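Thanks, everyone. I'll keep this short and walk you through the fold. Please have a look at the screen.

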Amino acid sequence: MAKTALKVILLRATPDPDEVVALGARLCYAQADVEALRERVESADQRAFVERVMARGHLSVTEHASFTFAVEGVSRALLAQLTRHRIASFSVQSQRYVSMADGFDYVIPPSISALGEEQEQEFIRQMDTMHAWYCQWQEKLGGAGETANQDARFVLPNAAATRLVMTMNARELMHFFELRCCNRAQWEIREMAWQMLAACKREAPALFAHAGPACLRGACPEGRNTCGRADEVKARAAQIG
């Protein structure tokens, strides 16, 4: 068992996503056939055109581009939030088929670490206790195996780490970034969202040029609940843009 850290890897993306989006948008307004449109798109930089499409709110064409991420070192607490984004596909490490008899990695909230070494060690001891409970129930239920694992896991904490593969199209990613890059989002999913946004901007700079929390593009929508740190958020976005 060990403390773990968040890691995001962009596994796959639609090849030339900016071009795919540009082709979809141009097809809507052109009499030319697909081959002619493809030649036109491939012969010139489509960044300015894609940005104009985005500015007009023609977002349906962004659904033609998809992105697949591997994520590890995140808690089951994060997973509960993540799966609320239903326009996505998820493959998650199973606690039923994967035994935790040898221990489980876990996420320590920064707020607990900030209390000092003694408090962090208390948290770690609690993780050890829960692992002992898990092993006791696993043994009582027949030993390692899916039948025992599926019920022994009920004593595992939200801090238990997991890993997953996730695919979203560009339009859903923009919605995801608007909500989860916001300072009002929970700290763990917020950090994951920023790492994902950085990867998307490298892969499709025009498509994600203005992606991020709503305060990047105008007034904060949180009203009285605003974090009041829009300048800080804009500075972070500029560093990855």
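This is a predicted model: local features need pLDDT of at least 70, side-chain atom pairs count only at pLDDT 80 or more; totals for chains, interfaces and linings use all residues.

How many strands form it, and in what order? Four strands, in the order 1-2-4-3. The sheet is open, and the pairing is antiparallel. From one strand to the next, the twist averages 20°.

Let's go across it, pair by pair. Strand 1 runs antiparallel to strand 2, residues 66-75, and six bridges join the two.

Next pair. Strand 2 and strand 4 are joined by nine bridges, again in the antiparallel sense. Here, find Glu72. Which residue is its bridge partner in strand 4? That is Arg163.

A reminder for anyone reading side chains off the screen. In a regular strand, side chains alternate between the two faces of the sheet.

Now the helices on the sheet. Helix 8 covers residues 170-180 and lies across strand 2 and strand 4. Its direction is about 125° from that of strand 4, which spans residues 161-169. Helix 9, residues 187-203, packs on the sheet too. Which strands does helix 9 touch? Strand 1, strand 2 and strand 4. The direction of helix 9 makes about 150° with that of strand 2.

Last stop: a helix pair. Two packed helices are described by the angle between their axes and the distance between the axes. Here the pair is helix 1, residues 17-29, and helix 2, residues 34-42. Their axes come within 10 Å and cross at roughly 135°. Helix 1 and helix 2 are therefore oblique to each other. The crossing is right-handed.

What meets what? On the helix 1 side, we have Glu19, Ala22, Leu23, Arg26 and Leu27. On the helix 2 side, look for Val34, Leu37, Arg38, Arg40, Val41 and Glu42. By class, this contact has six nonpolar residues, five charged ones and no polar ones.

That's my tour. Over to you.

Conventions: Residues are numbered from 1 along each chain as its sequence is written. Side-chain values use heavy atoms; hydrogens and water are left out. Two strands pair if DSSP finds at least two bridges between them. Axes are lines fitted to C-alpha atoms, for helices over the stretch in contact, and angles run from 0 to 180 degrees between N-to-C directions. Contact means heavy atoms within 4.5 Å. Angles under 35 degrees count as roughly parallel, over 145 as roughly antiparallel, 65 to 115 as roughly perpendicular and the rest as oblique. A crossing is left-handed if the near helix is turned anticlockwise from the far one by less than a right angle, and right-handed if clockwise. Ala, Val, Leu, Ile, Met, Phe, Trp, Tyr, Cys and Pro count as nonpolar, Asp, Glu, Lys and Arg as charged, and the others, Gly among them, as polar.
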